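Colleague: Hey, I'm new to this one. Could you walk me through it?

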Amino acid sequence: MAYAEIASALGIPVGTVMSRLNFARSRLRELLIAAGEVG
Amino acid sequence: MNAESHEIPNEWLALYYDGELDAVRREQVQAHLPGCEPCRQELAALEALSRALAVDRIDEAALGSRSALAAWRELEPRLPERTAPAPAILRWLPGLGLLMGSVLVQFVGVASWVVALAAGQFGWVAPSTDWLNDALSGWALGWFAWLVPAQWSGWGLSLLLVVVSAWLAVLYLGWLAFVWLQHPSQAMQRAESVN
């Protein structure tokens, strides 16, 4: 799904999609590293 | 391209991975990657993350809200126990404590000077002959004022300036560092300002 589609589906700016994705990815990475799923 | 002329912002890599970069920037990233180990590692980490989530390169047609939910349900038990983030007030507590402590120290300094001055005025003790200097050093040094012997009053003013400036600088820098490092919305704003 393109960022623009996510943005219009959620009614938020594309920049917010990017920043939330970045935030979610880094959080997930932390969690998965803690769980030993990702090196 | 080397580290000194690193023209690829970190945020581009996630966009590149998601196929969201325009053609010009995409080519820039492609040209940059072979010579940049950190960027290749970052890209590999993005791929590893997608693999770990088992939603590698999501097929748009296949992705409904149900399959995203199913992916999350599969993933969630594998995540470690989530610790709730500290309430906002707790994150501010050290800075607030510092500020309140300093205010308390100043208050005690001023209050003790007022009491001493009043005691002198009412004749309970010998009135202070150097009340302005006492006031200033009381204000600046708080309850450390008693550490300064009376005969230091010649350079008391410079000492006063140094102490006041140092306190203000420490409080201000500490507050700045605290806000910058601890406040989560700063990280979000930095990410959003990229767009």
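This is a predicted model: local features need pLDDT of at least 70, side-chain atom pairs count only at pLDDT 80 or more; totals for chains, interfaces and linings use all residues.

Colleague: How many helices and strands has chain B?

Modeller: Eight helices and zero strands, going by DSSP runs numbered from the N terminus (helices are H or I, at least four residues; strands are E, at least two).

Colleague: At what angle do helix 1 and helix 2 of chain B pack?

Modeller: About 105°, with the axes 11 Å apart; axes are lines fitted to C-alpha atoms over the stretch in contact, and angles run from 0 to 180 degrees between N-to-C directions. So helix 1 of chain B is roughly perpendicular to helix 2 of chain B, a label for 65 to 115 degrees.

Colleague: Which residues of helix 1 of chain B make that contact?

Modeller: B:Trp12, B:Leu13 and B:Tyr16, with contact meaning heavy atoms within 4.5 Å.

Colleague: New topic: how many residues has the largest nonpolar core?

Modeller: It has 19, and B:Tyr16 is among those with the most contacts inside it. Such a core is a set of buried Ala, Val, Leu, Ile, Met, Phe, Trp, Tyr and Cys residues joined through side-chain atoms within 4.5 Å, where buried means under 20% relative accessible area (1.4 Å probe, protein chains only).

Colleague: Which helix gives the most to this core?

Modeller: Helix 1 of chain B, with six residues.

Note on methods:
Residues are numbered from 1 along each chain as its sequence is written. Chains are lettered from A and ligands numbered from 1 in the order in which they are written. Side-chain values use heavy atoms; hydrogens and water are left out. Angles under 35 degrees count as roughly parallel, over 145 as roughly antiparallel, 65 to 115 as roughly perpendicular and the rest as oblique. Buried means under 20% relative accessible area, exposed over 50%, partly exposed in between (1.4 Å probe, protein chains only).
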